[in-house]
Amino acid sequence: MSCDSDPYIFTTDTLPSNLRFLPPLANGHLGWRVYNNIMHMGGVYNGEGGRCHRADVPCPLAVKVELEEPVQHTYSLDTHKGIFIHTLSSASATATQSLYSHRHYPNLMVMEILLERQATSQEPVTVKLVSSFTPQSKDIRFETGPDYRGGSHIQGQTTTAEYPGGSCPTVHLIWTPVPVTLMLPPEHSEARWGFILVAASSLDLAEASFDEGLNLMATGSLRPSHEKAWQELWLQSKVEVTGSESLCKALIGCMFYLLSAFPSIHDTSSSFGGVSPGGLSNGGEGQDYWGHVFWDQDIWMYPGIALFYPKLARAVLEYRVGTIDGAKDNAQKQGYKGLKFPWESAVSGREVCPEDIYGQQEIHINGDVTLAFQHYLYLTEDLSMFREGLGSEVIYGVADYWVSRVTWKPEDQKYHLDGVMPPDEYYYNVNDSVYTNTVAKLGLQFAVELAELLQHPAPKEWQAVAEYIKIPFDEEHQYHPEYDGYIKGHPVKQADTVMLGYPLGLPMSPEVRRNDLEAYEPVTDPHGPAMTWGMFAIGWLELGEAEKAQLLLEKCFNNIQGPFQVWSESPDGSGAVNFLTGMGGFLQAVLFGYTGFRVQKDCLAFSPLLPNDIFELCVRGVNYLGSQMDWLLRKEEVCIILREQEGSPGNTKPCNFQVVLKASGTKIPLTPGQPVTFPREPGYVCKLISAASCWPF
């Protein structure tokens, strides 16, 4: 099977019985699950410390359409256009309700109603608009404001700041009032109505956004401008397979929901509030991790988006830069120097985890954050992010934290990180988590590299700790124990040690890589979080075992809840929804597993390997060193088209790319617009390099 005529549209005639699996509509600033009377705004939290959660914002567009006569229902999520459509068809009329969070104007949400007469009749056609909206919130004290240009208006502040002395965000809502009924007069064959909702942090912005919405409606540009923004996104990226319709739809769903969580590529406000495991549509009190930002953003969701969209990747880094003051406070409270990024982050960067042990011990978050910065630099060579963008302060601050956090033990002449919790949260207060120590080592090495690049004096301790930090290894069994004292065969919650190979790239032999996979795969909780199996799949693909990898990747399909491709955290439907973390891991298994892409300092290495039931993989819009490339991977060959050569951000020097085949040593130049096809060789055989290096050493 292959993708049918339009795999980007998910359609059903019945809604899921569990309303948690209704499709989210988000644009990086506003998030809403269709028909829900609650929505959320990026950066708007209520509650102090561990009680901090995304503030519930009432949604005036929580409206269902009903016709008085028997109807046939159709519900569609058009991921190409970012619109949810409910169609009601009867003998006399068709009513169509369209809902969307505007992709270009982030403060706008829209509902449109189209009523069409199906038969010649002199009778009016009436539809009911059933609303569950009330202008109240348990998190925000709203009061009624003066109407604005026919729009209703409420305003309020959250009740409790994130930390003592912090500010309470303000929310303004202005919306077109929704009537109880709409009527198509006898003399008309069709009629259209539009309803807009504006949510903003200030009255000026709310009124300006409402003005914009009214103007767009008046000129007929409201929906076209939204669709154009989604079209622009999809033109820059595509991940499609031929051979499996279910995989094709899953990939499209992952890309759509992940992109929905990020701001517009034209947004220059730098107010992005990060990505939480359930996205903006979820995360109220006690739900979906309360809307907090974890390592999920930097390790799981970020890499797949960064491969296509350097501007969106930079938005993630800027979010972390914006929390530097909170990270300093966290480190000081622990008694250490530098920066300690919170295990759970909201706006300030202070720890908001409800349980202290995670914030105290799950310190690998620091290494996860710096890995995203390193990944970005290798993809873009954009040094402005590290100079003017203060990225260097993040990297150096984390390095200082590691130096102050380690303990030197003379008996083995090694540095140790004691009293930590690894990514496998079944264990805590352990010493020398192999994942934690490895990301610390990589972060320190990158700090030294960046300091040299920026001509910044690097403390000698950075290199010393990187060189002598203990990386646990069992010589007898030739594998990496999860931590010092781990007993082989003990249960594991999720991907942990297997991530040493990817994404960390710790050098090891194929034998050790295999031993790690075989040690942890059978003892990993089958009901654990969805992203885990993607990491095992990548490991087996590295070893050339595509069919074994595919069996593991297919486990993820149990977490996809139909009909709208909404992910649950666990395969039984429990846990967080819409679980972007699982989507990110699944997407990486395809983008970095099937292709073998590895973003390295001086090249983009690749080694494609497709399982038997996948005939080809199309990856369009890979953005490397400022140039976009389209890749078509088949069983026996690879085709690359270099779209353009603009130079990387902050550096206009063009890059002359060539592909190097390791086995033969052949060098194949890439010419913009001209496809280059070459046979696929086994193993890590290919590198895409810039013949004229853009690195400004």
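Student: Which residue is the bridge partner of V638 in β31?

Tutor: Strands of a sheet pair through backbone hydrogen bonds, either parallel or antiparallel. In this predicted model, the bridge partner of V638 in β31 is F678. Strand β28 (residues 637–642) pairs with β31 in the antiparallel sense, over 4 bridges. Two strands are said to pair if DSSP finds at least two bridges between them. Helices (H or I, at least four residues) and strands (E, at least two) are DSSP runs, numbered from the N terminus.

Student: Which residues of strand β31 lie on its covered face, and which on its uncovered one?

Tutor: In β31 (residues 676–679), V676 and F678 form the covered face, while T677 and P679 form the uncovered one.

Student: How should I treat the numbers and values in such a model?

Tutor: Residues are numbered from 1 along each chain as its sequence is written, and side-chain values use heavy atoms, with hydrogens and water left out. The model is predicted: local features need pLDDT of at least 70, side-chain atom pairs count only at pLDDT 80 or more, and totals for chains, interfaces and linings use all residues.

Student: What is the order of the strands in the open sheet of 4 strands?

Tutor: The order is β2-β3-β4-β7, with antiparallel pairing. Strands β2 (24–26) and β7 (57–58) stand at the edges with a single partner strand each, so one side of each is left without a neighbour in the sheet. Strand β3 (residues 30–33) runs antiparallel to strand β4 (residues 38–41), and 3 bridges join them. W32 stands opposite M39 in β4.

Student: Where is Y35 found, and is Y35 buried or exposed?

Tutor: Y35 is found in the loop between β3 and β4. At 9% relative accessibility, Y35 counts as buried; buried means under 20% relative accessible area, exposed over 50%, and partly exposed in between (1.4 Å probe, protein chains only). Y35 also has a positive phi of about 75°, although it is not a glycine. D288 lies in the loop between α3 and α4 and counts as buried at 14% relative accessibility.

Student: How many salt bridges does a search of the whole structure find?

Tutor: Side chains of opposite charge can pair when their charged atoms come close. A salt bridge is a side-chain nitrogen of Lys or Arg within 4 Å of a carboxyl oxygen of Asp or Glu. By this rule, the search finds 26 salt bridges. In one of them, the side chains of K138 and E285 meet at 3.4 Å, N to O. This pair links distant parts of the chain, 147 residues apart: K138 is in the loop between β13 (125–131) and β14 (140–144), and E285 is in the loop between α3 (245–260) and α4 (295–306). K138 is exposed, with a relative accessible area of 52%, whereas E285 is partly exposed at 32%.

Student: Which residues are linked with K138 and E285 in a network of salt bridges?

Tutor: The network links R51, D56 and D139 with K138 and E285. Elsewhere, E637 forms a salt bridge with R634, and the closest N and O atoms are 2.8 Å apart. E637 is partly exposed at 28% relative accessibility, and R634 is partly exposed at 30%.

Student: At roughly what angle do the axes of helix α13 and helix α14 cross?

Tutor: Two packed helices are described by the angle between their axes and the distance between the axes. Axes are lines fitted to C-alpha atoms, for helices over the stretch in contact, and angles run from 0 to 180 degrees between N-to-C directions. The axes of α13 (residues 532–542) and α14 (residues 546–553) come within 8 Å and cross at roughly 175°. That makes α13 roughly antiparallel to α14; angles under 35 degrees count as roughly parallel, over 145 as roughly antiparallel, 65 to 115 as roughly perpendicular and the rest as oblique.

Student: Which residues of α13 and α14 meet?

Tutor: Among them are W533, F536 and W540 in α13, and A549, L552 and L553 in α14. Contact means heavy atoms within 4.5 Å.

Student: Where is the cis peptide bond that involves P563?

Tutor: The peptide bond from G562 to P563 is cis, with omega near 0°. P563 is in the loop between β22 (560–561) and β23 (566–567).
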